[in-house]
Amino acid sequence: AVVVVGSCMTDLVSLTSRLPKTGETIHGHKFFIGFGGKGANQCVQAARLGAKTSMVCKVGKDSFGNNYIENLKQNGISTEFAYQTEDAATGTASIIVNEEGQNIIVIVAGANLLLNSDDLRGAAGAVSSARVVICQLEVTPAASLEALTLARSRGVKTLFNPAPAAADLDPRFYALSDVFCCNESEAEILTGLPVSSPADAGKAALVLVGRGCQVVIITLGAEGCVMLSQSEPVPKYIPTEKVKAVDTTGAGDSFVGALAFYLAYYPSLSMEEMLRRSNFIAAVSVQAAGTQSSYPHRKDLPLHLF
Ligand code: ADP
């Protein structure tokens, strides 16, 4: 199975003609609620490709939390370790998007930050028997480190997505990552190098591999991704499909979820081939609106991906 130890966030999205100024009240023309949070997004994509999945997470004992757990279930994800707490609200992302597609976002991580050692002990069996464990940085670093440490000690493959990135990332994350996957801006924050081309990404990946990960992948939006491994430290560029992008929100999470699926269920494929297929799936996700709502299901994808 693919086990995700990570976040669930309810997206509260208002569409407006322009962004409000300080102290100003404006009227928007549309509002919708979406399911987000990097952890759950990645889990949903892996599940839709056919992975057996389990989400280790914490939401509030509130309507957003109840609805989120229902959403996980509807995606076929095990919620045995989706905890609910009365001590904080379900994580939210309040998002305002103007007509140019520019946005301002406030995240209140809430219950996500209360996922703790007791919770992880409860889920230790699931983590230990997984094929792949994925972590990000929308729960506490301590919870992610604990999950990756347990996975590593049991020989479970670890996929770490250092998002949102901070320049002072705990160095233990590198050594605990079998696969370390970030986007351009995260690679810039982590390395201090500019990353805006495959060549730049190759240089940044070399720095990151030097910190101890087995494989580094840097995604480059419409350009695809670059990979570099400890065993073969020459950057490989894997372009993606040319498509008409409608909404790229959550593309990185679609990519990570797809990669986890391949690592878990097609371990004999080369990393390059897994990345080609993950690129394809993420490129499908940018062609529809929304985050999880844009993630493709196995039945809608070409057979050559499976
Ligand atoms: P993030 O969503 O974290 O910013 P990226 O923008 O790097 O991540 O996108 C992740 C992956 O999604 C890319 O590696 C690529 O496979 C796919 N992707 C993103 N944007 C596009 C696009 N405009 N056209 C085709 N594929 C895309």
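View 1. Helix H9 (251-265) and helix H10 (271-285) each supply at least two residues of the shell around the ligand. Helices here are DSSP runs (H or I, at least four residues), as strands are (E, at least two), numbered from the N terminus. This is a predicted model, in which local features need pLDDT of at least 70 and side-chain atom pairs count only at pLDDT 80 or more, while totals for chains, interfaces and linings use all residues. Residues are numbered from 1 along each chain as its sequence is written. In total, 19 residues surround the ligand, and the closest are Thr219, Ala222, Ala251, Gly252 and Ala282; a residue is near if its C-beta atom, placed from the backbone, lies within 6 Å of the molecule.

**View 2. H9 meets H10.** Two packed helices are described by the angle between their axes and the distance between the axes. For H9 and H10, the axes come within 8 Å and cross at roughly 140°; axes are lines fitted to C-alpha atoms over the stretch in contact, with angles running from 0 to 180 degrees between N-to-C directions. Among the residues making the contact are Phe255 and Leu259 of H9, and Ile281 and Ala282 of H10 (C-beta atoms, placed from the backbone, within 7 Å).

**View 3. Leu114 sits in a loop.** Leu114 lies between strand S7 (103-108) and helix H3 (117-122). Leaving aside neighbours within four places in sequence, Leu114 is in contact with Lys58, Thr85, Asp87 and Ala88.

Definitions and conventions: Two residues are in contact if their C-beta atoms, placed from the backbone, lie within 7 Å.
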